[in-house]
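Here is a short report on side-chain packing and charge pairing. Please keep the structure in view while reading.

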Amino acid sequence: MVNREGGPAKDLRRRWRSCLVEESPRWAVRRAHWRAMGLTEEDLERPKIAIVNSSSELAMCFRHLDGIAARLKEIIRSAGGVPFEIRTAAPADFITSAGHGGGYVLSARDLIVNDIEVAVEGALLDGMICLSSCDKTVPAHLMAAARLDLPTLIVACGYQPSGEHRGKVVDIEDVFLHASGAAVGACDLREVWEMADRAIQGPGVCPGMGTANSMHMACEALGMALPGSTPVRANSPRMWDVVEEAGRRIVELVREDVKPRQILKPEAFANAVMVMLAVGASINVVKHLQAVAREARCPVDIYELFAQYEEKVPLLVAVRPNGEHRIEDLEEAGGTLAVLKRLEPLLAAGVPTVAGRTLQEILRDVRVLRDEVVRPLDRPWRRRGTIVILKGSLAPQGAIVRLGSAQDGSIRFSGPAKVYGSQEQALEGLRRGEVRPGQVVVIRGMGPRGRPGMGMVSAFAFALDRAGLSGRVAMVSDGQVSGLLNRGLVVAEVCPEAAEGGPLAWVEDGDRIVIDLEARRVDLEVPLEVLEARRQARSWESPVEEHGWLEMYRKLVRPLRDGAILVESIY
């Protein structure tokens with residue numbers, strides 16, 4: 001190491017792990033690369049910060065991220081850090097789900113986690129700021145932060161503006177709903193095309209309370225995103241204000257050595273679960289939060305937290321699809337901070353956050369700006385939460401139902417099973433008239449191992465609705481559903497999945513299934529000895545053959561109760 005005049009520099013104790021031992025060959029070659037890239041002598045001694053840009057030109061979700069990354073580089077440099085932009089996979093549900101039955105969507109979450117580990121841990125960078133957009137990038141960034149335990153800040157990059165069709169607001173949910181109806185002849189395909197041409201008016205994620213906006217808000221509720229940063233309209237002045245603050249704050253976080261596992265404690269997860277119940281979040285947040293907890297080595301059972309708080313935390317927000325309010329209304333009302341303020345009597349308010357203040361300190365001056373959008377605890381939209389955890393003989397380890405704000409939580413549905421091995425088969429059965437009122441349609445083999453990668457079954461649920469069978473036909477699956485789905489009675493993510501030999505694997509046409517929401521149960525009324533005889537008579541194997549990444553995923557993935565992560569659970 002030499003000083004700027006060419007003489008030997010003083011032997012200083014380095015605090016940044018990115019500054020390797022000067023006498024080592026690794027430091028010499030690193031210096032050669034970075035100096036050739038324009039880094040100065042001073043830069044080599046500064047904290048090196050990864051800008052994790054999960055960007056792609058395949059979907060509007062990510063269209064604006066490159067611009068955000070470029071601005072963050074300027075801010076981080078001015079704050080005394082050295083930014084390095086790294087790229088990862090960028091799955092978008094409505095685009096990436098086209099291939100292999102949707103198996104690439106959830107599996108890409110864990111691919112991103114490992115991608116980040118390779119880039120950030122391999123280079124021994126000092127911290128990272130993650131640009132989170134579509135559904136799977138948000139939990140992936142949280143999981144990577146928890147695994148690496150480096151100073152990290154999540155920037156939620158906002159929702160997309162909706163369009164207008166025939167004088168009414170139209171968004172991507174409307175397009176998907178009507179397209180599912182067209183698949184069974186219940187909607188005019190030409191109208192679907194017209195809606196699709198108008199639904200998205202700018203970059204960002206789906207504008208309802210789907211998985212992306214739910215997970216954006218979960219980041220803030222966990223304390224891993226700046227207070228007041230979610231939800232936010234993409235490319236709005238407020239989003240750019242958050243970017244400015246985040247760029248400065250990540251450098252401070254590195255200098256203060258604030259690490260994710262100091263924040264991702266059981267109390268933080270409990271707070272996040274309460275917020276998710278209060279806003280009627282996507283059911284996908286359950287497995288994602290469980291995955292983050294596993295990576296953080298935090299001994300919490302997210303499924304049990306949802307079951308525990310579902311009766312205590314009412315629905316305070318009715319943003320589409322839970323009600324008629326829009327995500328813009330929630331932002332104007334105060335967003336996640338407004339929800340946290342309403343829940344303050346129930347929260348663990350002393351938890352730390354990436355802002356350097358406790359949640360209690362942050363909430364001290366928060367006001368709810370629109371009472372009808374974020375209702376008080378004593379005047380909710382619904383007395384109980386909309387995410388309901390079921391157990392029973394058909395789902396010994398759990399299953400999930402999401403209810404709308406107006407749906408009855410005391411429903412009891414009993415009927416004979418109609419079994420299909422894929423969503424495509426079920427849709428064809430619906431077209432042929434095989435699906436009739438009173439039945440419970442079972443779509444199995446759609447779990448993380450069975451698909452593999454976990455197949456989507458939302459199109460069938462939406463098709464039932466458009467065919468006038470919503471509420472008259474129930475549905476049970478080990479697959480996943482869209483974060484925007486809350487129509488009809490859909491029991492999803494049944495654990496253990498069929499590919500693990502769960503009871504769902506042995507259901508036959510005509511078997512009676514009972515779904516009792518009041519009792520929080522889903523049961524298969526078949527004698528145990530009959531099920532055992534079926535197990536002994538045949539083995540259940542996934543009919544789907546895969547190669548490459550999806551086959552590797554099938555072999556490595558853990559059960560949904562572990563968050564469907566790719567590493568052995570330690571709890």
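## Charged network

Glu310, Glu311, Arg384, Glu518 and Arg520 form a linked network of salt bridges. The model is a predicted one. Its salt bridges number 50.

## Individual salt bridges

Arg17 pairs with Glu121 through a salt bridge, at 3.1 Å from N to O. Arg17 has a relative accessible area of 29%, so it counts as partly exposed. Glu121 is partly exposed too, at 31%.

Two other pairs follow. Arg87 meets Glu85 at 2.8 Å, N to O. Arg87 is partly exposed at 45% relative accessible area, and Glu85 is partly exposed at 26%. Arg190 bridges to Asp188 at 3.6 Å, N to O. Here Arg190 is exposed, because its relative accessibility is 59% and exposed means over 50%. Asp188, at 37%, is partly exposed.

## Nonpolar cores

The largest nonpolar core holds 156 residues. Met128, Phe269, Met276, Phe306, Leu330, Val339 and Phe460 touch the most other members. Helix α12 (residues 266-279) is the top contributor to this core, giving eleven residues. Another core lies apart from it, with 30 residues, including Val419, Leu489, Leu517 and Trp540.

What does Phe306 touch, leaving out residues up to four places away in sequence? Its contacts are Val273, Met276, Leu277, Val285, Val286, Leu289, Ile387 and Ile389.

Conventions. Residues are numbered from 1 along each chain as its sequence is written. This is a predicted model: local features need pLDDT of at least 70, side-chain atom pairs count only at pLDDT 80 or more; totals for chains, interfaces and linings use all residues. Side-chain values use heavy atoms; hydrogens and water are left out. A nonpolar core is a set of buried Ala, Val, Leu, Ile, Met, Phe, Trp, Tyr and Cys residues joined through side-chain atoms within 4.5 Å. Buried means under 20% relative accessible area, exposed over 50%, partly exposed in between (1.4 Å probe, protein chains only). Helices (H or I, at least four residues) and strands (E, at least two) are DSSP runs, numbered from the N terminus. Contact means heavy atoms within 4.5 Å. A salt bridge is a side-chain nitrogen of Lys or Arg within 4 Å of a carboxyl oxygen of Asp or Glu.
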